[in-house]
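Dear colleague,

Please find below the structure I am handing over to you. I would be grateful if you could look through it alongside the notes that come after.

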Amino acid sequence: MRTQAGAPLSRRRFLALSAGGAAAGAASLSGCAMQVSSGVSGSGETVTVMAKADDLSPELIKQAQKDIGVKINTVLFSTSKLIAMMTNGNPPDLVRGIGAVDAPYFAARGVMEDLDPYFASSSVLRVDDLDPVNDLWRYDGRTQGKGPRYGMAKDFSQDSMFWYNTALFDQAGVDYPPELEPVTYEEWLDRAKRLTRRKDGQTTVFGGSYNGVSTPNLLASLTVSAGGSLFTDDFSRVDFTSPEARKALGWYVDYCRTKVGPSIIQPDPNTWDGPTFQANRLAMSNSGYWLGGLINADKKLAPLSRLAPAPFFEGGERVSPCQAGTGFWIPSKSHNKDAAWRVFEWFFGEAPAKARASGGWGIPTLKSLRSLMPSQKAYQKRVLKVQEAELKHYSVIAFTPYASADSLLGLFNQIAPAAMNGDMSVDTLARRLNSAMNEQLKRGKEQVG
């Protein structure tokens, strides 16, 4: 049974609440002419936004007050702080979230405002202009991707796509991947092995990084690529022992065992792919188009960098999902919903959105802003050609509403290292993951009701 919005809120309903994700680059301001909302007005009001430090820069906050007359107070995102504010009846007005995993989790608990009426009256955020990736923020009480809209992504990548450094390929004598046709995951791993360089027991060049945005979501995507589903039809259980999930899990464990890239048993000191790729110490990175924001700013690296389609498992399904879809949502108990929506419109459809699109920090989530994506240079045109061809393979891969991605990640990180170090078989790992995660999912389903 779906918890109804407006139901009494308690800490019990927020157990295991989480909203992790990759950090996004701070947006610069654009000089483009802005649309003006014909919907609600929030001028003169104050909106409290719970976000990460780089979601809203001080300059952007000043620009919001200048453009739309709304003062923004920020609260640093914290799960415990969010719980406290919501249970005390004083929630933020906008909350950062990862659409791919947070939308079903929060919506199932009835704490998100249904934004369909706002979208219906907006001239800035028209439903017919929304990229399909925004369906990650829809939930009908059973399945992600259908039903009311509860939020929106600020930009997105098809996160199974990967960048590669042609100079490192040339040095290793490894053929480039095809421009528009996907390699298999087995071929990707073989290339990563041949590209890896070690000296005195230390890895000097990682052959490839393939960790996704969050391991549980990555494994769900890999399982679909293998032709199956990690979750049961009602999303109340996982089954890593199914042939498809076992294949996906086995491939990822092999990636970690061979130490061709960063993992929980071989962490990257930089903590994410960007600096390592920029330092020519990472030959391939499955960061999707989003990493182009960093690459475009490096005039030496950009001409050497190419984007490739998402790999696939032989005999499986070619899919190219978004594993993040980071954006904002409005709590159903917000006291400033109209003003929050005006900030929402401005952030997702006006100057900040145009600046993000022109910087290459992700694909715009409004189709009308696609023309702003970087395409002046020859290498940018090549990247755009690959990305545009890949869009037709996008689909929503639904995530469970009964556990946060972070809680499942914590269980995975406790259990999986033994298999990655060769001290546990993949079959044993699959059974142990089933046991631990299904207990977590069972508790979550009991909480939702």
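Please note that the model is predicted.

The sheet. Three strands make up an open sheet, ordered β11-β8-β12, with antiparallel pairing. The edges are taken by β11 (284–285) and β12 (305–308); each has a single partner strand, so one side of each lacks a neighbour in the sheet. Strand β8 (residues 162–165) is joined to β12 by four bridges, and Trp 163 stands opposite Leu 307 in β12. Across β8 and β12 lies helix α13 (residues 378–390), which runs at about 10° to β12.

The cores. The largest nonpolar core holds 77 residues, of which Trp 188 and Leu 249 touch the most other members. Helix α8 (residues 243–258) gives the most to this core, contributing eight residues. Leaving aside residues up to four places away in sequence, the contacts of Trp 188 include Phe 162, Trp 251, Tyr 255, Met 284 and Pro 311. There is also a second, separate core of 31 residues, with Val 70, Ile 72, Tyr 118 and Phe 328 among them.

The buried helix. In helix α3 (residues 99–108), 10 of the 10 residues are buried, so this helix is largely enclosed by the rest of the structure. Among them are Asp 102, Pro 104, Tyr 105 and Phe 106. After α3 comes Gly 110, which has a positive phi, near 70°.

With kind regards

Note on methods. Residues numbered from 1 in each chain as written. Predicted model: local features only at pLDDT ≥ 70, side-chain atom pairs only at ≥ 80, totals over all residues. Heavy atoms only, no water. Pairing = 2+ DSSP bridges. Helix = DSSP H or I, 4+ residues; strand = E, 2+ residues; numbered from the N terminus. Contact = heavy atoms within 4.5 Å. Axes fitted to C-alpha atoms, helices over the stretch in contact; angles between N-to-C directions. Core = buried A, V, L, I, M, F, W, Y, C linked by side-chain atoms within 4.5 Å. Buried < 20%, exposed > 50% of the residue type's maximum accessible area, 1.4 Å probe, protein only.
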